[in-house]
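Colleague: I have a model open and want to learn to read its packing. Could you take me through it, feature by feature?

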Amino acid sequence: MIQARNQIREGVLGDILLISALFSQRVFDLYKGQVPHRFHAPPERGDVPRPNATSYSDPAVVGGGEGHTQASHILGAMLWLTGLQPVSVFAQMNNLDTAVDVVNAMTIRFASGALATVAANGLLPRGVGSSQLQIQGVNGILGFDPRNGGLYVQNDQDRRPRAIEVPAAEGMSGIAAVPRNYVRAILGEEVQHVTTEVAIDEVRVLDAAYRSAASGREIEIER
């Protein structure tokens with residue numbers, strides 16, 4: 001994520017024109033109120049919290065389904081990587097036979113004029129998933145696969161996509177590095193990687209997406 005952000009900040013892509021984001025894996029059981037086995041810790045680990053049946057399935061509790069539970073991941077990544085300011089959202093959602101959304105498609109317009117599509121699907125076979133992000137600018141493209149850690153760029157000097165080397169995390173997984181940075185930022189030992197504004201913009205986009213899906217029209221984001 002940091003390497004991808006640095007590439008964009010260094011102007012490798014130039015002005016961003018289009019973003020395509022996809023995040024899909026099986027979480028349909030959660031939306032049906034069936035808490036999957038992966039949330040059940042061994043008996044000796046009774047201190048591990050487990051979601052209730054309604055934690056992801058009751059709109060009064062969770063607010064929404066796929067948008068909050070899944071699309072939020074790739075949406076937050078997109079906002080942090082690009083630094084773009086969202087101004088409107090048009091979205092369509094499919095609840096299937098649940099009380100919350102399971103399949104989502106959003107179109108986001110940014111203040112710069114750039115456009116983005118964000119798609120998420122919570123009904124895939126177990127063990128099957130997809131997480132992809134491609135950012136296109138006037139000077140080339142940057143592709144990012146968070147699940148597999150692959151990162152590449154391609155511009156007019158590259159005949160094919162060029163892999164960007166990503167250094168291994170310091171003795172831990174990339175996932176563990178996120179809370180470590182958060183704690184160290186609280187202690188004043190590091191600069192926090194993700195600003196509050198990114199989180200606020202993510203909430204703005206999701207709020208607009210749910211209102212758009214309910215009304216069938218594009219929703220302007222109020223700041």
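Modeller: Start with helix α6, residues 196–215. Helices (H or I, at least four residues) and strands (E, at least two) are DSSP runs, numbered from the N terminus. α6 has 20 residues and reaches 29 Å from its first C-alpha to its last, close to the 28 Å expected at 1.5 Å a residue. The expected span is 1.5 Å times one less than the number of residues. One caution: this is a predicted model, where local features need pLDDT of at least 70 and side-chain atom pairs pLDDT 80 or more, while totals for chains, interfaces and linings use all residues. Numbering runs from 1 along each chain as its sequence is written, and side-chain values use heavy atoms, without hydrogens or water.

Colleague: Which residues of α6 are buried?

Modeller: Buried means under 20% relative accessible area, exposed over 50%, partly exposed in between (1.4 Å probe, protein chains only). In α6 the buried residues include Val198, Val205, Leu206 and Tyr210. Asp201 and Glu202 are also among them. The buried residues of α6 pack against α4, β2 (86–94), β3 (103–110) and β9 (219–220). Gly216 follows α6, with a positive phi near 75 degrees.

Colleague: How do I read a nonpolar core?

Modeller: In soluble globular proteins, nonpolar side chains tend to be buried together. A nonpolar core here is a set of buried Ala, Val, Leu, Ile, Met, Phe, Trp, Tyr and Cys residues joined through side-chain atoms within 4.5 Å. The largest has 38 residues; Ile19, Met78, Val89, Ile108, Phe110 and Leu133 touch the most other members. Helix α4 (residues 66–82) gives the most to this core, seven residues. Another core, of six residues, lies apart from it and includes Val27, Leu30, Tyr31 and Val100.

Colleague: What is Met78 in contact with, beyond four places in sequence?

Modeller: Contact means heavy atoms within 4.5 Å. Met78 meets Ile19, Ile108, Phe110, Ala116, Val118 and Leu133.

Colleague: And how is a helix pair described?

Modeller: By the angle between the axes and the distance between them. Axes are lines fitted to C-alpha atoms, for helices over the stretch in contact; angles run from 0 to 180 degrees between N-to-C directions. The axes of α1 (residues 2–9) and α4 come within 8 Å and cross at roughly 40 degrees. That makes α1 oblique to α4. Under 35 degrees counts as roughly parallel, over 145 as roughly antiparallel, 65 to 115 as roughly perpendicular, and the rest as oblique.

Colleague: Which residues meet there?

Modeller: Ile2, Ala4, Arg5, Ile8 and Arg9 in α1 meet Trp80, Leu81 and Thr82 in α4.
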